[in-house]
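I opened my notebook for a first look at this structure. Here is what I looked up, entry by entry.

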Amino acid sequence: MFESFQNSLQSALKSLAGKGKLTEANMREGLKLVENSLLEADVSYAVVKDFMASISERALGEKVLLALRPTDQLVGIVRDELINILGPVDPSLHLKANGPTILMLCGLQGSGKTTTCGKLSRLLLNEKQKPFLVAADLQRPAAIEQLHVIGRQLNVRVYSELGAQDPVKVCQDGVRKAKEAGCNVVILDTAGRLAIDKELMDQLIRIDNRVQPDQAYLVVDGMTGQDAVNSAKAFNEALELDGVIMTKLDGDARGGALMSVKQVTGVPIKFLGTGEQLDALEPFRPEGVVGRILG
Ligand code: GDP
């Protein structure tokens with residue numbers, strides 16, 4: 001995909017440049033193309049503006065006109081800068097040597113939290129760890145059964161409480177059961193809402209304070225563009241996230257939201273969800289998504 005961006009940039013600049021020579025004005029046309037590409041990929045306007053300011057400075061500051069292949073040079077600058085913004089990478093779950101590591105997954109309803117609990121469990125099983133799932137999404141009754149189905153599929157224990165009202169208690173009891181069972185990673189599947197509301201945030205803050213997860217990850221739906229950015233901002237302000245997992249990048253989404261979410265939260269993008277199956281989880285690599293974002 002990166003090649004197609006490179007080709008369209010190349011042909012746009014070539015047609016502008018006539019004989020293949022570039023002027024500063026033409027370089028600006030090239031930059032415009034980059035800008036449109038990012039906006040089309042659903043990168044938020046403010047992020048695009050900042051990004052364009054930094055690459056324009058670099059592109060126009062370097063001796064572009066003297067370069068042998070100015071288009072390649074511009075593409076290189078854009079690529080480097082995108083990798084820079086999307087990184088640094090940190091796919092580690094930071095498991096503790098002693099005692100269970102508690103991972104809390106949060107996000108809006110439908111973002112893919114419950115599925116991602118299963119995907120992380122599978123990844124941990126592959127690494128010879130002992131995951132344990134806690135069904136603390138009491139908002140969506142089907143989520144508890146969904147987590148049990150995933151647990152049975154993977155042969156991972158799932159803790160839930162029939163008719164439970166208090167997710168904090170479910171998490172605390174779940175952590176205790178995980179310790180008794182000798183499991184070393186507890187994954188909390190928390191409740192989502194269709195939109196951010198105070199009750200949801202208060203509930204998560206209570207779990208965060210009382211259960212003290214070691215890592216809090218936000219699961220965001222990569223198909224939702226600007227909504228993903230808004231929810232990332234709100235969750236990060238309430239919880240101090242440790243990472244983001246972006247799902248549904250197997251579809252048409254260009255992944256521009258990755259760039260905006262990274263800018264807004266400043267926390268690492270840990271994994272990408274690339275399908276409904278439990279093995280469809282990839283550690284995030286900026287190099288892998290640059291071409292996708294540029295289109
Ligand atoms: P939750 O409400 O946040 O727990 O979301 P779910 O885990 O129930 O996921 C909502 C829907 O998204 C389900 O139909 C999942 O199969 C689907 N889903 C989750 N992750 C992915 C993904 O990476 N790619 C695709 N295509 N679908 C996903």
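This is a predicted model: local features need pLDDT of at least 70, side-chain atom pairs count only at pLDDT 80 or more; totals for chains, interfaces and linings use all residues.

I then looked up where Ser44 sits, and found it in the loop between helix 2 and helix 3. Leaving aside residues up to four places away in sequence, Ser44 touches Gln226 and Ser260.

Helix 2 covers residues 24-40 and helix 3 covers residues 45-61. Their packing angle is about 155 degrees, and their axes are 10 Å apart. Angles over 145 degrees count as roughly antiparallel, so helix 2 and helix 3 are roughly antiparallel to each other. I also noted that the crossing of helix 2 past helix 3 is right-handed.

Which residues make the contact? From helix 2 I listed Glu24, Met27, Arg28, Leu31, Val34, Glu35, Leu38 and Leu39. From helix 3 I listed Tyr45, Val48, Phe51, Met52, Ile55, Ser56, Ala59 and Leu60. Sorted by class, this contact has twelve nonpolar, three charged and one polar residues.

In an unreviewed UniProt entry, I found "domain: SRP54-type proteins GTP-binding" given for residues 268-281. I checked that span in the model: residues 268-281 are 43% strand and 0% helix. The end C-alpha atoms of the span lie 16 Å apart.

Terms used:
Residues are numbered from 1 along each chain as its sequence is written. Side-chain values use heavy atoms; hydrogens and water are left out. Axes are lines fitted to C-alpha atoms, for helices over the stretch in contact, and angles run from 0 to 180 degrees between N-to-C directions. Helices (H or I, at least four residues) and strands (E, at least two) are DSSP runs, numbered from the N terminus. Angles under 35 degrees count as roughly parallel, over 145 as roughly antiparallel, 65 to 115 as roughly perpendicular and the rest as oblique. A crossing is left-handed if the near helix is turned anticlockwise from the far one by less than a right angle, and right-handed if clockwise. Contact means heavy atoms within 4.5 Å. Ala, Val, Leu, Ile, Met, Phe, Trp, Tyr, Cys and Pro count as nonpolar, Asp, Glu, Lys and Arg as charged, and the others, Gly among them, as polar. UniProt positions are given in the numbering used here, feature names are shortened, and annotations may be inferred rather than shown by experiment.
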